[in-house]
Amino acid sequence: RMLEAFRIGRHKVYRIEEWQGGFSPPEALFAEYDPGVFAGGWTGIVPDFLRTGLVYGYLQSWVIDTGTQRVLVDTGAGNRKERPGIPIFGDLEGDFLDRLGEAGFTPEDIDKVFCTHLHIDHVGWNTRLIGDAWEPTFPNATYYFPALDEEAWNPEKETYRSLTGAAVNANVFEDSVAPIIAAGQAELIENGATIAEGMIAHDSPGHTPGHMVLEVESESAIALFTGDILHHPVQIQRPDWNSVYCENREEAVRTRRAILGRAADRGARIVPAHFAAPHSVFVERIGGDFRPLFRAGSRA
């Protein structure tokens, strides 16, 4: 059995990896990119999450095992899905469920699935292809989707056509969200929803209209599962930098600053969706700015 990545009080947390690789040159990922920031190795942050000029990232999910419940946070890209808007994550044949098994869990063991938002690489393993139909991967789970994102990304709703990411997210709602709703396993949630004891979902809009952060507290330890609030630690020092996939960039900056402040003030571990090893980070305030802290010896 794989050792847990870290603990939040009495909760054990396991990292389930789906994919890793060079994703994008930083100038193509960050809307406010400044080449001077990265010139010659930037600001002394180690690790820098750059390899051969590309931002190196992961698709990874997290299982929070409370001892009585197992909560899966985000579900990656999934297998055998047509993704014309972002082919790197299309038609995958990965071993995600084997990795889940290595951590000691079957799909039937998952009680709850929390999706921070409804982008392509956060909902993919919600379903798998059985015959010619997309069926829920986790048959016993309640899936929690942000209600505002369901409204935004549902192609049948008016707001969908106004989203800049609609082309990138093509097919995603139809094969990875709608089947869960049709199966009666979805719960559309709003700000402050309780996912499990000590687990609260908070609105964190900007990257998508309904993006949410899952705050988990146990025995005074806190972790914030932040989805795509951060793609790279440079954004801790430069919270004014957005990914090109952020729908409302001004709102995303406000959210990012607020989350960083909350983490710094409360000593919370930030657990982004895509950070390379060690995969999570703490932050501290330096005057009016923030600095990432990668704890020595941490496995995550």
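On a 1 Å grid over the protein atoms alone, a cavity is a set of points where a 1.4 Å probe fits but cannot get out, while a pocket is an open set with protein on both sides within 12 Å along at least five of seven lines; lining residues have an atom within 4 Å of a point. Grid points are joined across faces, edges and corners, and a volume is the space filled by probe spheres set on the points.

This is a predicted model, in which local features need pLDDT of at least 70 and side-chain atom pairs count only at pLDDT 80 or more, whereas totals for chains, interfaces and linings use all residues. Residues are numbered from 1 along each chain as its sequence is written, and side-chain values use heavy atoms, with hydrogens and water left out.

**Exercise 1. Find the volume of the largest cavity and describe its lining.**

Step 1. The structure holds one cavity of 30 Å³ or more, and the volume of the largest cavity is about 40 Å³.

Step 2. Its lining is made by Trp62, Val73, Asp74, Thr116, Phe225, Thr226, Gly227, Val271, Pro272 and Ala273.

Step 3. Now bring in the elements: helices (H or I, at least four residues) and strands (E, at least two) are DSSP runs, numbered from the N terminus. Strand S14 (221–227) and strand S15 (269–272) each supply at least two lining residues, and S14 has the largest share, with three.

Step 4. Sort the lining by type, counting Ala, Val, Leu, Ile, Met, Phe, Trp, Tyr, Cys and Pro as nonpolar, Asp, Glu, Lys and Arg as charged, and the others, Gly among them, as polar. The cavity lining divides into six nonpolar, three polar and one charged.

**Exercise 2. Which residues are closest to the centre of the largest pocket?**

Step 1. The largest pocket holds about 320 Å³ of space.

Step 2. Of its 25 lining residues, Phe23, Asp121, His231, Tyr245 and His274 are the closest to the centre.

Step 3. By type, the pocket lining has 14 nonpolar, eight polar and three charged residues.

**Exercise 3. Which members of the largest nonpolar core touch the most other members?**

Step 1. Start with burial: buried means under 20% relative accessible area, exposed over 50%, and partly exposed in between (1.4 Å probe, protein chains only). A nonpolar core is then a set of buried Ala, Val, Leu, Ile, Met, Phe, Trp, Tyr and Cys residues joined through side-chain atoms within 4.5 Å.

Step 2. The largest core has 34 residues, and Val63, Val113 and Phe138 touch the most other members. Helix H5 (172–182) is one of the elements that supply at least two residues, and the largest share, four residues, comes from H5.

Step 3. Look around Phe138, taking contact as heavy atoms within 4.5 Å. Beyond its neighbours within four places in sequence, Phe138 is in contact with residues including Leu72, Leu100, Ile110, Val113, Trp125 and Tyr143.

Step 4. Return to H5, where the buried residues are Val172, Phe173, Asp175, Ser176, Val177, Pro179 and Ile180. Their cover includes strand S7 (127–130), strand S8 (133–136), S9, H4 and strand S10 (186–189).

**Exercise 4. How many disulfides are there?**

Step 1. Apply the rule: a disulfide is a pair of cysteine sulfur atoms within 2.5 Å. The count comes to zero.

Step 2. For Cys115, the nearest cysteine sulfur is that of Cys246, 18 Å away.

**Exercise 5. Find the backbone features at Pro278, Arg80 and Ser220.**

Step 1. Keep the background in mind: most residues other than glycine have a negative phi, and most peptide bonds are trans.

Step 2. Ala277 and Pro278 are joined by a cis peptide bond, with omega about 10°. Pro278 is in the loop between S15 and strand S16 (282–286).

Step 3. Arg80 has a positive phi, near 60°. Arg80 sits in the loop between strand S5 (70–73) and H3, and is partly exposed at 44% relative accessible area.

Step 4. Ser220 also has a positive phi, near 75°. The loop between strand S13 (212–218) and S14 holds Ser220, which is exposed at 65% relative accessible area.
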